[in-house]
Amino acid sequence: MNDTKNVRRRSLIAACSAHAIHDGLTDVIYVLLPIWQAQFAISLAMVGLLRGAYSGMMAGFQLLASRMARRWGRERTLIGGTALAGIAYLIAGMAGGLTVLLLALLLGGLGASTQHPLASSIVTDTHEAGGGVKQALAQYNFAGDIGKTLVPGAVGLLLVVVSWQASVVLIGCLGLAAAALLWWLLPAPTGAAHDAAPSAKASVGKGSVGGLRALNMTGMLDSAVRMGFLTFLPFLLQSKGAGTAGIGVALSLLFVGGAFGKLFCGYLGARIGMMKTVWITESATALLILLSVWLPLAAMMAMLPLLGLALNGTSSVLYGTVPELAAPGKREQAFARFYTGTIGGGALAPVLFGRLGDVAGVPAALMALAALLLLTLPLSYRVQTSLAD
């Protein structure tokens, strides 16, 4: 019993650490985008491509990461992916041109593709027999927002005193240190078959194909708006007079709100249900995005924690619904498909709306994102009907 508790504790700490570091490595790009735009003299569409390169690789290779885990073990694959993400940032820090930077971001996204499907399935499997899967997943999701809060904020302040190249090299070292931590925390795999095998007491999901499709589409739109807004936020802040440090602080305020949003919306979803929670958070997000366009800088900064709560909170409700709709024995694949869709939407949105920003301006692109978010309301109703069947 003590051994089981120890494995559960170490696995949860490892998964939370992986989520925090990977999300920090992913979202620190938002702080760097204005610097890269100025240094390489690129358009907003190209800015979106840089952001989308990392997210696109992360989305596109998650199913491959699940297959690799069946061959090499989840633990080895997760550790290797984390190390690869760190190496990618080391390469980016030494990039002298846009081509090398783009290749480094592609490599980083490839390493990051291992985290979401593998870490979330490790948490689910280790906590299933004793119950508390949803609570463990809530902690896992909360940890990701801690990384989003600390890493971009720290780098935003660091950029005041050192070059962006030195900052990016330090980020790479952080990734390699995280890989070493995972190697120490995670139990040694006994074989690929053991890693891939479902728990003996695996809970049975509903196996609703239509419900999962609607859930994936809801997550895709939610992620597209979130990634699109985060891509344009630094440029919106710049237009209102914020500097590099101000952008880092603004992102930290947003992600602090997002971290509490994961916990609050998880609680709210348990009390009033998935559909009502999504309707509240997505409607609030659309309204607050519009306000961010119209408000002056000081009022906008004060509003950012509330916007972060609504912007990030929805995802915790959506993540927790995946096991309920997954078919028996197909949970890891369901998580991989869900993360592929959500991160894929997040990768595509900056490119498409970046082009709109070039043509019509950043405020118009943000208002279009707010309108897109309202499509999640009927989709969440379809998910709810599948849960009720």
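Met-300 touches Leu-233, Leu-236, Leu-237, Lys-240, Ser-292 and Leu-295, with residues up to four places away in sequence left out of the list. In this predicted model, Met-300 belongs to helix H14 and is buried, its relative accessible area being 0%.

- Met-300 counts as buried because its relative accessible area of 0% falls under the 20% limit.
- The C-alpha atoms of Met-300 and Leu-288 are separated by 9.5 Å, and the two residues stand 12 residues apart along the chain.
- Thr-321 is also placed in helix H14, which covers residues 297–325.
- Thr-321 has a relative accessible area of 3%; the residue is therefore classed as buried, the limit being under 20%.
- The side chain of Thr-321 reaches a backbone atom, the oxygen of Val-317, at 2.8 Å.
- Beyond residues up to four places away in sequence, Thr-321 touches Leu-215, Met-274, Val-383 and Leu-387.

**The largest nonpolar core**

- The largest nonpolar core contains 105 residues.
- Trp-36, Leu-254 and Leu-366 are the residues with the most contacts inside this core.
- The element that gives the most to this core is helix H11 (residues 209–239), with 13 residues.
- Leu-366 is in contact with Phe-229, Phe-232, Leu-236, Ile-289 and Val-293, when neighbours within four places in sequence are set aside.

**Salt bridges**

- Side chains of opposite charge can pair when their charged atoms come close.
- The whole structure holds three salt bridges.
- One of them joins the side chains of Lys-148 and Asp-23, with an N to O distance of 3.9 Å. This pair links distant parts of the chain: Lys-148 is in helix H8 (residues 133–158) and Asp-23 is in helix H1 (residues 2–27), 125 residues apart. Both Lys-148 and Asp-23 are buried.
- Arg-51 forms a salt bridge with Asp-27, and their closest N and O atoms are 3.9 Å apart. Here too the pair links distant parts of the chain, with Arg-51 in helix H3 (residues 44–60) and Asp-27 in helix H1, 24 residues apart. Arg-51 and Asp-27 are both buried.
- Arg-226 forms a salt bridge with Asp-222, the closest N and O atoms lying 2.6 Å apart. Arg-226 and Asp-222 both lie in helix H11, separated by four residues, or about one turn of the helix. Arg-226 is buried, as is Asp-222.

**A nonpolar surface patch**

- Ile-87, Ile-91, Val-100 and Leu-176 make a nonpolar surface patch of about 270 Å².
- Leu-176 is found in helix H9, which spans residues 164–185.
- Leu-176 has a relative accessible area of 33%, so the residue is partly exposed, a class that lies between the limits of 20% and 50%.

Terms used. Residues are numbered from 1 along each chain as its sequence is written. This is a predicted model: local features need pLDDT of at least 70, side-chain atom pairs count only at pLDDT 80 or more; totals for chains, interfaces and linings use all residues. Side-chain values use heavy atoms; hydrogens and water are left out. Helices (H or I, at least four residues) and strands (E, at least two) are DSSP runs, numbered from the N terminus. Buried means under 20% relative accessible area, exposed over 50%, partly exposed in between (1.4 Å probe, protein chains only). A polar contact is a pair of N or O atoms within 3.5 Å; within protein, one must be able to donate a hydrogen and the other to accept it, and residues adjacent in sequence count only if both atoms are side-chain atoms. Contact means heavy atoms within 4.5 Å. A nonpolar core is a set of buried Ala, Val, Leu, Ile, Met, Phe, Trp, Tyr and Cys residues joined through side-chain atoms within 4.5 Å. Patches are made of residues with over 30% relative accessible area and no salt bridge: like charges are joined within 9 Å, nonpolar side chains (Val, Leu, Ile, Met, Phe, Trp, Tyr) within 5 Å. Accessible areas come from the Shrake-Rupley method with a 1.4 Å probe; for residues, only the protein chains shown count as cover. A salt bridge is a side-chain nitrogen of Lys or Arg within 4 Å of a carboxyl oxygen of Asp or Glu.
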